[in-house]
Amino acid sequence: MKRTIKVSASIMIASSVAISTVNVPLASADQAKPAATQAQTNKMTAFKGADFKTFKLSSNSYIKIKDIYFQYNSSQKRVFYTLTVHNGDNTSLNFMDYWVELHSGSGAKYPVKQLSGENKSTIVSAKTSRDFVFYSDINSSLSYSDLLFKVVKWDFSLPNYTRVIGQAKVTNYANAVPQNAYYVDTRDNHKIKTFLNAGSKFTMGDYNQIQIAFQMENQGMYEYTLPDYQFYLKTSKGLVVKLAAEKVGEPNLAAGEKAACSLRTSLKNSIDLTSSQILVTTIDSESKVEMPIGIYNIGWGQQSDFVVDEKAVAKLTIDSIPVEASIANVYNYQNGSQNEIILTTNWLNKGQEAVDLPGYKYELMTAGGTRYPISAGDTESASQLVPGVGQELVLQAAIPDKVKEGLTLLVKQPKSETNSYEYVVAAFKLSKLEEMEGVTKKSYKSDKGIYEVDIEKVERLPWGNQDILNIHVDIENIGKEYQAIPQLDAILRLNGLLINKENVQLIELNSEGIIGPKKSARYVISTKVPYTYQFNEVSVNLSDEVNEKSKQSIGLFKFDEVNDIAEVGPLDKYKIDSIGRRAAVDFMNYFLFEGKDNDMLYAEFKYTNEETRYSTLPALKAYFKTGDGQFIDAELANVKTRIKPDGSAIISVMAPVPKTFVDDGDTQLLIGEAVQDGKYSTPEGTPDSFISASAFNLPKIDNPVQDVLHDLKLEPYEFTLHKLNTMLIDVSNVKLQFNYTLFQSGAYDVNEQEKKLYFEVTNGSHSYGTSVAIEPESGEGLEVGEDNELIVPIQGTQLANMMYGGYSVSVYEEIDGYKRLLGTKKYGQFQISNK
């Protein structure tokens, strides 16, 4: 079973160097080591240990001095050494009968202290061995070759109470694990294999960032609890850098399990790191004394593990989860005296569980060490990395126009509460920047096929206090076989300003998934901008999502103008030609309805299904545009009923306008396909955008009024009043009793609109009326047929005053309280009803 362990460590450096804080992840070594490191492990040799001298106690027993290590701090120098007592005899041996003395070559004697550890017994059982650890504080100028050890036995018959068993001066002592070697620590009946990977140095201006991996493997039979490791880097000149490791929960290695500890720091690049070493220490649990347990010589690799070329993959670890980072595209635009750069990065979680992408800091660094900040867009959508699912993050930077070569993208862990100083976790060496020339059309080839990609048009449409910018992309199959439709991804800029990706919609207008030879698929790239926003250049970087893990660049497309909205005359059609949505809109009528406080513009259209199957007509959205350039949001009731081939429905578009509105024949109606949440809206939906609009040039408003109540037209009906009898019921009530004919045109297969007529009685001074629904779903109303009868009651306080003076009956079309006069006729006096 493979598990992951994380350690966080901070590097504290002397005043002459930079101070840095690092996260030191203890992870599965198979995950942490690159292929080169695996090969390195296979070629390693074993380091037998730092044994110094063996002193015989008997023919079968001995004391061995080993693991002589210096420990350094600012105030003193301390030497640690271990005595292994081996009892090969058949009776117990008491180490209390023996002692060790430490002298300098000049004769100085240093006090010796023992680390008792948890086992304070001095008895060494027969046929066993035990280690006893000692330390002494010595002169800071002493080196290993200045040390002299004596092993003595207490003998109170002698003047100094001791008898020297043996002594030895330290010469040619090798206590450091060599480069490309491993050491197996067998203390406390464990068997832990340890070694260093080749260290890496990454130059950032005046500093080198250093990274070294400390590897561990439990080759024993029992679970091993990781000590509270402390790490030091020591240069050949004596500079020491201390790493304080943060404790972790349950830091245990099961038998056969591996862990890798990544150590990082930052040093002035003037510091010579040749022959540097890593010192590993731990804290004695009883005395709390820090003691060295190993020294490792550092070998330096040719290149940093976290530094890769632009087209390569950087492997890093986030909260013990392996993650791959790569660059999909690099785009450069020269804008005056600076290069504006967009980098599209991909992040892929290679682990077994989701992990949050840290709030990394991104910089572009020149060969000379100058660093430029990078802004990262849309970090929220890329914040969580799901296993096996790639996430994209777009980066943007501006640098001087003369800087084109030797750039490196830095991904840095920034400062935080637990991280006092930032450090680089990945770096990408960029190729020379080349200015990309924008086009409006180009060929594109991928594993899916060969295509011609064309920017058909750019339209700007109104939307409240914003404008919609729609970029129409046509992708033609120029091959000879059916081909899959490229899965587009777009980066949009206006006048060089990057539009946040979360504000850009990519609408695929084809749902088939494939396109035949010489056929096309279409996309619309859509965003919204303030309606006052002005720009003179639109640029789009298009790429193809080849698979879940990679993208292929299609190219940079630029254009400097927005296409005029196509105009449609009253006798022409607005056409929708997308496969599966083909339809046509014909202009029918344009009126002004009058209201109490406002008036209402009203236009009617015939909407025809041009598909060869029953279909739901595409949802539409519309705006009126007045002659002075104002846009008025219009209400359009989309048709919900499925319609037969070549069948049609009537649709109406309306919007309130002030009473002061004057139509001079220059009003237009913009009508387009409704969009909701990045896809075509349904008739029941609430659009949040629209595309592919055309502008109907509406005729000047003409509301014809007849002086007879015959053949009054309100699509799709004609109304004729044949015989009218007006009866006064009382001083405030009359009823209109009449015969009528209501004819419905056969030009439409579907009419989902509710129509009403308003019957009004007036003498010029006072007017009263009642609304009557046409073909209501329930209740009494006007019905299609000839010579029908209907009684319409009307109330009014001045109705009795109209009895003898003559009156007029007017018929209006009514919509939501707005009325359009259809016809009016004068009559004589009322009849008096007998009730």
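In what follows, Ala, Val, Leu, Ile, Met, Phe, Trp, Tyr, Cys and Pro count as nonpolar, Asp, Glu, Lys and Arg as charged, and the others, Gly among them, as polar. The model is predicted, so totals for linings use all residues, while local features need pLDDT of at least 70 and side-chain atom pairs count only at pLDDT 80 or more. Residues are numbered from 1 along each chain as its sequence is written, and side-chain values use heavy atoms, without hydrogens or water.

Let's start with the open space. On a 1 Å grid over the protein atoms alone, a pocket is an open set of points with protein on both sides within 12 Å along at least five of seven lines; a cavity is a set where a 1.4 Å probe fits but cannot get out; lining residues have an atom within 4 Å of a point. Points are joined across faces, edges and corners, and a volume is the space filled by probe spheres set on them.

The largest pocket holds about 1,300 Å³. Of its 39 lining residues, Asp 131, Val 133, Arg 187, Asp 188 and Met 291 are the closest to its centre. Strand 13 gives the largest share of this lining, 5 residues (strands are DSSP runs of E, at least two residues, numbered from the N terminus).

| Space | Volume | Lining by class |
|---|---|---|
| Largest pocket | about 1,300 Å³ | 14 nonpolar, 15 polar, 10 charged |
| Largest cavity | about 80 Å³ | 8 nonpolar, 1 polar, 2 charged |
| Second largest cavity | about 60 Å³ | 8 nonpolar, 3 polar, no charged |

Val 280 lines the largest cavity and also the second largest cavity.

Methods: Helices (H or I, at least four residues) and strands (E, at least two) are DSSP runs, numbered from the N terminus.
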